[in-house]
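Open the model in a viewer and keep the selection panel at hand.

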Number of protein chains: 2
Amino acid sequence: MSEGAEGRRARGGGGAARRAERTAVRIEVAKYIERNIPNFEVLNDEALSIIEANAETVLEEIGVNFVENPEALARWKEAGADVRGERVRLPKGLARELCKTAPSSYVQHARNPERSVTVGGRNLVLAPVYGPPFVRDADGGRRYATIDDFHKFVKLAYMSKWLHHSGGTVCEPTDVPVNKRHLDMLLAHMTLSDKPYMGSVTEPVRAQDSVEMSDILFGGLNDRTVMTSLININSPLTFDGIMMGALEVYARANQAAIISPFIVGGAMAPVTVAGTLTQVLAEVLAGVAYSQLIRKGAPVIFGAFVTSIDMNSGAPTFGTPEASLITYGAGQLARRLGLPYRSAGGFTGSKVPDAQAAYESSNSLNMGLLAGVNFMLHSCGWLEGGLVSSFEKFVMDADQLGVLHGLAKGIDISDNGQAMDAIREVGPGGHYLGCAHTQANFKTAFWRTELLDYKPYETWEEEGARDTIALARNRVTKLLNDYQKPAIDPAIEEALNDYVAKKKASMPDAFM
Amino acid sequence: MSEGAEGRRARGGGGAARRAERTAVRIEVAKYIERNIPNFEVLNDEALSIIEANAETVLEEIGVNFVENPEALARWKEAGADVRGERVRLPKGLARELCKTAPSSYVQHARNPERSVTVGGRNLVLAPVYGPPFVRDADGGRRYATIDDFHKFVKLAYMSKWLHHSGGTVCEPTDVPVNKRHLDMLLAHMTLSDKPYMGSVTEPVRAQDSVEMSDILFGGLNDRTVMTSLININSPLTFDGIMMGALEVYARANQAAIISPFIVGGAMAPVTVAGTLTQVLAEVLAGVAYSQLIRKGAPVIFGAFVTSIDMNSGAPTFGTPEASLITYGAGQLARRLGLPYRSAGGFTGSKVPDAQAAYESSNSLNMGLLAGVNFMLHSCGWLEGGLVSSFEKFVMDADQLGVLHGLAKGIDISDNGQAMDAIREVGPGGHYLGCAHTQANFKTAFWRTELLDYKPYETWEEEGARDTIALARNRVTKLLNDYQKPAIDPAIEEALNDYVAKKKASMPDAFM
């Protein structure tokens, strides 16, 4: 745990500066999780070998489509694949061989070096919700997201102790033209936060803008990895030209990409867990192999966004046992490939941050930690199947991420952890509250919520019998009030603003 | 999964019989969970050995108190313990040696043989909340529990597909004299449900009543185990005469007991996880050993009720990482002792069934499954730190227990599970909804909630924008309306009623 000294120094005058003097807010940010607990493994070696062999069969016999991307087809042909039309069939072993040059872990640098993260190994990096076109809060209800909402989510992520990453499209700023909004989003992550962030993937030119703006922010990239961006596969077995184009930009610049099947089981993958794992593995093998055709050693993550479909309504469902089993199994497959692993998140299909939202999110978050996930997108703020970024749920989930940090610490078996002195001191029938060992350890012994209610019933009732949504609403307000912009070199900020202004002026607005 | 044919046959005429004809409610009850997934283990062998050695040291050097129980002290002396006053010190190895006669699993018979459960091994038996003096529902708020509430909870447990056990004190019927309420509670479990149940432990004579009523219900017990009852240890290291008296009654009759430290970490145990595990193990070793002094082979469970204290307010906290780590570790210790394991539950400190309640409960429930728990008390309905049995939360948690069933199934790696035919049939860019494999498997492929909302946003809003509490309120009403009493031999029911009437008439009311 380190304290961000730079978080306390407000830039700019006026209200913000005066508030800074009054409150002297201290921003605590936890280091990314370094697990001291094992991974939970549901598949034995035989099952893993079957799935791996099946994935090779899928790649060889069925193949994958690289659509609207003739250069990709040429690359595959040169690499030894059987290419017919847009279909690419990979001889057994080819994809796995190509994947070997992908690193098993990488550092994603943040502009504040204390916020840099190492993705891979036993680590877990937590990033917020990604992609919703709507936002919801207790006061304003559900509505289309704006750039103002976007700024607020970036600030909340910056203020969240247990979030290591600022994320990417924390919500879609629908009031900004679609061809320009990536500029405003990047600018927000770069200037309102000093945590690591994601780049744009919606067009290759926007990926290129992301690289160029990062180059300004970091004063020259020189191959340093400063973005981890989300490249979805069109499951089943299809790689579209736009996403691959963005991947090509990032791989060439040595920027990291999550190669991620987007699976609604029963619709985009088989209805069974082992079948889904087979398809996920085949897709990731092909995608990661392709990234290495662009640039050997480019950092990539084995992704698996998995949900299942409700066969009655066709709705995607979250926090289900099948999704958990897939997440556990995919983690094993990723580790056998030697790749960092992205999955899980605070997923829910609920429309409001109620008990359903929490059950489903908690199921997913716990599974993510135990499955050995290295990069968890959507770890807070996700609502309504990803259609909505919720302000209240953002701080609710973010608080629960502290539980994951605590669990990951494992059990301290040192002499102090064994506490034999305490047991001797207290003895039968005594109590531990006042004993020396408790006094020495109580401040760090237990994770403590910064949100949930632990008060006596009578106090709770007197204070308005608030439920979690009401408590979260207050916390959102407090965090946004307390927010102070991290320091940034004014020359760099000006250069970023100039870049955005020039790019915006260079093209007409587009809203589709 | 079996369907309770007897659940469809209503006893008695009038409204219930007519309703039965109209609705023909089918009660589905899942078999207890037989895990096909591994246990999650957080301690290595070295750490386990340290904790086990420390527990032996605690028993030998510090010892335990058996209070107000001279016969217990005599038994311990005879068994080779060092007894001074009420303090019993056990030479290293003695307790572990005595524990060896306790069975590693046992069958708890239900009056409906289809509902009998095997406690131990890889199984998980789920039982409802135990002990709260208050109830809460959305309409009536929080109030003292009555026998009418008690009946409703027994009916809800009977109607819950994923609950294998009727439990014990699902709430305290405070309108019945304290010295008589165990009779009404037992009568309710025996006649309103056909699932297995727990006996009374609040006085040895009430344990004896439980045995005698069970003898009537089963037409003679003949050493069959038909109850699993909850014997709490007064942590730290104290065994009170009343609880031990009840244990003695049950052990003599070959009835099962959960020997369970009741731990609020930082108050009744050290503030560290390893220290708490040491104390838990020492206490369980002494308690189980004592049960075997009463009757070798008496079925007992290694219990661990664990929460931690909020050091700011002194309130117990739930769903915390420390509680999870203790639960995982205690499971390992129980398995090394060869005993069935009880821990976890749908725990929360929240006052209402909101997101906090669900986060905390879900953390605990998931941990319970993965920790290898064999008997999970409080798996549904617990609210406000165990002060309140919540009707809505009962059905909310009970629905989530289905998630545990799904997870425990593990991954089917059969040819059908591998689904290669489906992947071949669908190919790149296709979809799986209509393929033959999906059609053949969709009905059983995914767990499906019977409570939560999967509807499109617009439908959900038109139907009143209901949150989980509102949905649960409706489900409670529906289940209670649909409830039909399981068939019972009228002569047995009459004999039970007579027993209760005579016992009640034999003593004055007591309310303290």
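A residue is called exposed here when its relative accessible area is over 50%, buried when it is under 20%, and partly exposed in between. This is a predicted model.

**Stop 1**

Select A:D82 and A:R84. Their side chains form a salt bridge, with the closest N and O atoms 2.6 Å apart. A:R84 has a relative accessible area of 54%, so it counts as exposed. A:D82, at 29%, is partly exposed.

**Stop 2: confidence**

Colour chain A by pLDDT. The average over chain A is 94, and 95% of the residues score at least 70. Where pLDDT is low, the predicted coordinates should not be read in detail. For the model as a whole, ipTM is 0.95 and pTM is 0.95.

**Stop 3: the interface of chains A and B**

Show both chains and select the residues of each that touch the other. The selection holds 113 residues of chain A and 113 residues of chain B. About 9,200 Å² is buried between the two chains, and carbon and sulfur atoms give 69% of that area. In chain A, pick A:Y359, A:I411 and A:F446: these lose the most area to chain B, together 9% of what that side buries.

Now look at polar pairs. The interface has 42 residue pairs in polar contact, both residues being at pLDDT 80 or more. Highlight helix α11 of chain A, residues 355-370, which gives the most to the side of chain A that touches chain B, with 10 residues. Coloured by class, that side of chain A shows 55 nonpolar, 39 polar and 19 charged residues.

**Stop 4: salt bridges between the chains**

How many salt bridges cross the interface of chain A and chain B? There are 6. One of the pairs to select is A:E61 with B:R424, whose side chains meet at 3.1 Å, N to O.

Next select B:K351 and A:D453, a salt bridge in which the closest N and O atoms are 2.5 Å apart. B:K351 sits in the loop between β17 (341-343) and α11 (355-370) of chain B, and A:D453 in the loop between α15 (436-445) and α16 (457-462) of chain A. Are these two residues buried or exposed? Both B:K351 and A:D453 are buried.

**Stop 5: salt bridges within chain A**

Over all chains the count of salt bridges comes to 66. Select A:D209 and A:K503, which form a salt bridge with the closest N and O atoms 3.1 Å apart. A:D209 belongs to helix α7 (residues 204-217) of chain A and A:K503 to helix α18 (residues 490-505) of chain A, so this pair ties together parts that are 294 residues apart in sequence. A:D209 is buried, at 4% relative accessibility, whereas A:K503 is partly exposed, at 27%.

Then select A:D45, A:E52, A:E56, A:R96 and A:R336 together; salt bridges link these residues in a network.

**Stop 6**

Select A:T278 in helix α9 (residues 273-294) of chain A. A:T278 has a relative accessible area of 0% and is therefore buried. A polar atom of the side chain of A:T278 lies 2.9 Å from the backbone oxygen of A:A274.

Move to A:S324 in helix α10 (residues 321-337) of chain A. A:S324 is buried, with a relative accessible area of 4%. Neighbours within four places in sequence aside, A:S324 is in contact with A:M367 and B:L407.

**Stop 7: A:M190**

Finish on A:M190, in helix α6 (residues 181-192) of chain A. With 0% relative accessibility, A:M190 is buried. Apart from neighbours within four places in sequence, A:M190 is in contact with A:R111, A:Y197, A:S210, A:M213, A:S214, A:L217, A:I488 and A:L496. To check a distance in the viewer, draw a line from A:M190 to A:H151: the two are 39 residues apart in sequence and 11 Å apart in space, C-alpha to C-alpha.

Note on methods: Residues are numbered from 1 along each chain as its sequence is written. Chains are lettered from A and ligands numbered from 1 in the order in which they are written. Side-chain values use heavy atoms; hydrogens and water are left out. Contact means heavy atoms within 4.5 Å. Buried area is the accessible area (1.4 Å probe) that two parts lose on being put together, summed over both. A salt bridge is a side-chain nitrogen of Lys or Arg within 4 Å of a carboxyl oxygen of Asp or Glu. A polar contact is a pair of N or O atoms within 3.5 Å; within protein, one must be able to donate a hydrogen and the other to accept it, and residues adjacent in sequence count only if both atoms are side-chain atoms. Helices (H or I, at least four residues) and strands (E, at least two) are DSSP runs, numbered from the N terminus. Ala, Val, Leu, Ile, Met, Phe, Trp, Tyr, Cys and Pro count as nonpolar, Asp, Glu, Lys and Arg as charged, and the others, Gly among them, as polar. Buried means under 20% relative accessible area, exposed over 50%, partly exposed in between (1.4 Å probe, protein chains only). pLDDT is the predictor's confidence in each residue, from 0 to 100.
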